[in-house]
Amino acid sequence: MVWLRLRQMTISRRLAKVHDTGVSLIELLVVLSIMGIFTTLVIPGLRGLMMDNQRDTAIRNIVVALAYARSEAIKRNQSVTVCPFQEGAACRAVPHWEHGWLVYLDANANGQRDVGELVLRQHEDRSEGMTLRGVKTRVVYKPHGGSEGWNGTIKVCDQRGAPYARSIILSNSG
């Protein structure tokens, strides 16, 4: 009988522990405040990471366009030009590449997009707050794969300014 009574007490204690697994209000407030502190510390870092990613994507896009133009010039044995985009599939007269760019066959090799010259690719960039500025208003790849003129640079900068800017170096050898 004593053994039965002890057995019942043990079972009732186990049941009491099962019901005692909730969280108190104090514990809940502590966890919420820790999460709030953590969030305020992490969010600015994520913003910087996102801006780095946007800048690097813009760099990759223009590098891919330049590599494609060089490849097409060699493949087609014809001059291919990359220039800053302007409305109406025309080239800009200023080296502002942030609005996008055109890759086209330059049939008469004059470095200008003339009527009837085939546009191979057109990239319109919609990156807010991103600037892509260069020295050259166009890059012309010749059939041998090199570009004419002088070496150039396209500087990619976001809203954070010069300390976070990156440059694309354009070589005459392609």
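**Reading the model**

Author: Start with one residue. This is a predicted model. K136 counts as buried because its relative accessibility is 8%, and the cut-off for buried is under 20%.

Reader: Where in the chain does K136 sit?

Author: K136 belongs to the loop between β5 and β6.

Reader: Which residues is K136 in contact with, beyond its neighbours within four places in sequence?

Author: The contacts of K136 include P95, W97, S147, E148, W150, N151, G152 and N172.

Reader: Now step back. How many helices and strands does the protein have?

Author: There are two helices and eight strands. Read from the N terminus, the order is α-α-β-β-β-β-β-β-β-β.

Reader: What share of the residues is buried?

Author: Of the 174 residues, 32% are buried. The protein exposes about 11400 Å². Carbon and sulfur atoms supply 60% of that area.

Reader: How do I read contacts along the sequence?

Author: Take contacts between residues at least 6 apart in sequence. Here 56% of them join residues at least 24 apart.

Reader: Next, helices. What is the general idea?

Author: An α-helix has 3.6 residues a turn, so residues three or four places apart point the same way.

Reader: Which residues are buried in α2?

Author: The buried residues of α2 include M51, R55, A58, I62, A65, A69 and A73. G48, I59, L66, Y68 and E72 are buried too.

Reader: How many residues does α2 have, and what is its reach?

Author: α2 has 52 residues. From first C-alpha to last, α2 reaches 73 Å, close to the 76 Å expected at 1.5 Å a residue.

Reader: Where does α2 bend?

Author: The bend is at V42, by about 25 degrees. A proline, P44, follows within four residues. Just after α2, N77 takes a positive phi of about 55 degrees.

Reader: Which strands does α2 lie across?

Author: Helix α2, residues 25-76, lies across β5, β7 and β8. The helix runs at about 10 degrees to β8.

Reader: What is the order of strands in that sheet?

Author: The order is β5-β7-β8 in an open sheet of three strands, with antiparallel pairing. The edge strands are β5 (131-134) and β8 (166-170), and each pairs on one side only. On average, neighbouring strands of this sheet are turned by 20 degrees against each other, direction ignored.

Reader: How many bridges join β7 to β8?

Author: Five bridges join β7, residues 152-157, to β8. One to find is G152, whose bridge partner in β8 is L170.

Reader: Is β1 mostly covered or mostly open?

Author: β1 (residues 80-86) is mostly covered, with six of its seven residues buried.

Reader: Which strands pair with β1?

Author: β1 pairs with β3 (residues 100-105) over five antiparallel bridges. There, V80 has L105 as its bridge partner. Three bridges join β1 to β6 (residues 139-141), also antiparallel. T81 has V140 as its partner in β6. Two antiparallel bridges link β1 and β2 (residues 90-91), where Q86 stands opposite A90.

Reader: What lies between β1 and β2 in the hairpin?

Author: Three residues lie between the two strands. In this hairpin, G88 takes a positive phi near 80 degrees.

Note on methods. Residues are numbered from 1 along each chain as its sequence is written. This is a predicted model: local features need pLDDT of at least 70, side-chain atom pairs count only at pLDDT 80 or more; totals for chains, interfaces and linings use all residues. Side-chain values use heavy atoms; hydrogens and water are left out. Buried means under 20% relative accessible area, exposed over 50%, partly exposed in between (1.4 Å probe, protein chains only). Contact means heavy atoms within 4.5 Å. Accessible areas come from the Shrake-Rupley method with a 1.4 Å probe; for residues, only the protein chains shown count as cover. Two strands pair if DSSP finds at least two bridges between them. Axes are lines fitted to C-alpha atoms, for helices over the stretch in contact, and angles run from 0 to 180 degrees between N-to-C directions. The expected span of a helix is 1.5 Å times one less than its number of residues. The bend at a residue is the angle between axes fitted to the seven residues ending there and the seven starting there.
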